[in-house]
Every structure is written in C-alpha cells, then in structure tokens.
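Trainee: I am new to this structure and would like to go through it by question and answer. Please show it first.

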Amino acid sequence: MAPWLFALLAGLVAGGALLLGSAVAWFLKVPGTVVAGIMAFGAGVLISALTFELVSDAMEQGGLAATSGGFLAGAVIYVGLNILLARYGARHRKRSGDQQPSEADRSGSGGAIAIGALLDGVPESMVLGLSVLAGPGLSVPMFAAVFISNVPEGLSSSAGWKAAGRSRLYVFGIWGAIALASGIASLAGYALLDGAAPATLAVVNALAAGAILAMITDTMIPEAFAEDSLYSGLLATLGFLAALTLHAMG
C-alpha cells in the first residue's frame, strides 16, 4: 500500500472512532459516571502518547528550543481559538450532561460546536500522517492513543448534544465530517512535511503536542471529573500506562 494512502486510512479509521462513541451514546443510556471514567482513561492515554511519541521525538529531532517553542505555540493557538469558540456556545462541547446549549438557547452554537470538534481532532490526525512519514510504517502507540481517546470524546459529546435537542442528522453528520477531515489532516501531515528538515518536524510534533495537552485540559478533564468519581485519577493512570506499554512494545 502506498504510504500516502496508508496515512489517509489511518486518519479515517482513527476519526471513525468518534462515530463509534457517538453511536453508543445515541442508542444506549450510558451513566454519567461511566462516561466520566472512560473520558479519564482516554485523557491518560493521550497524555502518555504526547509525552513519549511527540515531545520525545521533537526533543531528539530539534532539541529543547524548537520543542519548547512549538509546544507553547500549539497551546496558545488552541486556547485562543477555543476562547473564541466558547463565546459562541462551544465551551462545553465534550460534556455529556445538560451543560451544552441548544440552538434555541444560543443561535449559532451548533456551528461553533462543529468547528470546535474539528479543532480538537486536527492536531491528533496530523501527527498520524507525520508518523508514517517518519517511518517505518505507522506509529502504533500514537494511532491506538488517538483511536482510544476518540471513543469517549464521541460518546460524551454526543450524549450532551442529544440532551440539548440536536438531531440525529446533526450528530452523525458532524462526526462523519470530522472523521473525513481526520483522514485529510493525516494525509496533509504526510504530504506537506515530506522532505522537511528535522528542526521543522520537531516544531510540528511539539506544536501538535501543545495543542493536544491544552485540549485535554480544557475539554476532557472537566468531563472526566464531572461526576465526583473517586476512581477518575486511577483510570487516567491506567490509560497512561496502557499507552506507555504500547510505546515500550513498539
């Protein structure tokens, strides 16, 4: 299989996990404590992956200056865009309860939520394509981390969208579009950075890592601890160890 096609399929499959989580939330009644626990596990997985896959690679490729600059830039860009979207009703897009506004409550919130979901998924997907470029093959730990974390993201968000009165067409349409965008972002990460200098790759890896960490803190952790679960910290730790184990086996 051509590497560019492999990158595209990796992004599509990882993005498709959002649809899987969404379907579970739409057709089944999942208790809030379960949603919070799954989200905690997914957050731990992503934190581990960005530490050992992205930041570690960035340090090897470009050193501390390039890594620090890219990492901070990624966080600043994400937080800035997230603040802007929050003003239009997308602040609680990953919450499973009644925190999300309906279109009647806040006109334009549906579009803001859709853009926010795209913002959350693009950095993760781009690094999948970048991992194919770095070779040999796809980074299995990074792919597993994105896939595993996308399931609770889709589950929690869709539960909240349903509670806010969003239609089935809206919910599955958004996640279908995001899954497609994930494939395109992964392909872009492969195609646009082919032949790039190591320092450039370091900045891009660190940029994605900073954005992902900001996303975890702003959107996943609040849901993970929403139900006052005494086990969220342990589940996040288990998620971290799961991704670490995949990294060590790779």
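Trainee: Leaving aside neighbours within four places in sequence, which residues is Leu207 in contact with?

Mentor: This is a predicted model, where local features need pLDDT of at least 70, side-chain atom pairs count only at pLDDT 80 or more, and totals for chains, interfaces and linings use all residues. Residues are numbered from 1 along each chain as its sequence is written, and side-chain values use heavy atoms, with hydrogens and water left out. Contact means heavy atoms within 4.5 Å. With neighbours within four places in sequence left aside, the contacts of Leu207 are Gly70, Phe71, Ala73, Gly74 and Ile77.

Trainee: Is Leu207 buried or exposed, or does it count as partly exposed?

Mentor: Leu207 is found in helix α6 (residues 198-224); helices are DSSP runs of H or I with at least four residues, strands are runs of E with at least two, and both are numbered from the N terminus. Buried means under 20% relative accessible area, exposed over 50%, and partly exposed in between, with a 1.4 Å probe and protein chains only. Leu207 has 31% relative accessibility, so it counts as partly exposed.

Trainee: How do the axes of α2 and α3 run relative to each other, parallel or antiparallel?

Mentor: Axes are lines fitted to C-alpha atoms, for helices over the stretch in contact, and angles run from 0 to 180 degrees between N-to-C directions. The axes of α2 (residues 32-86) and α3 (residues 109-134) come within 12 Å and cross at roughly 170°. Angles under 35 degrees count as roughly parallel, over 145 as roughly antiparallel, 65 to 115 as roughly perpendicular and the rest as oblique. The two helices, α2 and α3, are therefore roughly antiparallel.

Trainee: How many nonpolar, polar and charged residues are in the contact of α2 with α3?

Mentor: On the α2 side are Leu46, Leu54, Tyr78, Leu81, Asn82 and Leu85, and these meet Ala112, Ile115, Gly116, Leu119, Asp120, Glu124 and Val127 in α3. Ala, Val, Leu, Ile, Met, Phe, Trp, Tyr, Cys and Pro count as nonpolar, Asp, Glu, Lys and Arg as charged, and the others, Gly among them, as polar. By class, the contact of α2 with α3 has nine nonpolar, two polar and two charged residues.

Trainee: Which residues does Asn82 touch, not counting those up to four places away in sequence?

Mentor: Asn82 lies in helix α2. Its relative accessible area is 10%, so Asn82 is buried. Not counting residues up to four places away in sequence, Asn82 touches Arg93, Leu119 and Asp218.

Trainee: How many of the 24 residues of α4 are buried?

Mentor: Helix α4 (residues 140-163) reaches 35 Å from its first C-alpha to its last, close to the 34 Å expected at 1.5 Å a residue. That expected span is 1.5 Å times one less than the number of residues. Helix α4 is largely enclosed by the rest of the structure, because the number of its 24 residues that are buried is 17.

Trainee: Which residues does Pro141 touch, not counting those up to four places away in sequence?

Mentor: The place of Pro141 is in helix α4. With a relative accessible area of 9%, Pro141 is buried. Not counting residues up to four places away in sequence, Pro141 touches Glu53, Leu246 and His247.

Trainee: What kind of pair do the rings of Trp161 and Tyr170 form?

Mentor: Rings of Phe, Tyr and Trp (its six-membered ring) pair if their centres lie within 6.5 Å; planes under 30 degrees apart count as stacked, over 60 as edge-to-face and the rest as tilted. The structure holds six aromatic pairs. The ring centres of Trp161 and Tyr170 are 5.5 Å apart and the planes are at 70°, so the pair is edge-to-face.

Trainee: Is Gly165 buried or exposed?

Mentor: Gly165 follows α4 and has a positive phi, near 90°. Its place is in the loop between α4 and α5 (168-191). The relative accessible area of Gly165 is 61%, so this residue is exposed.
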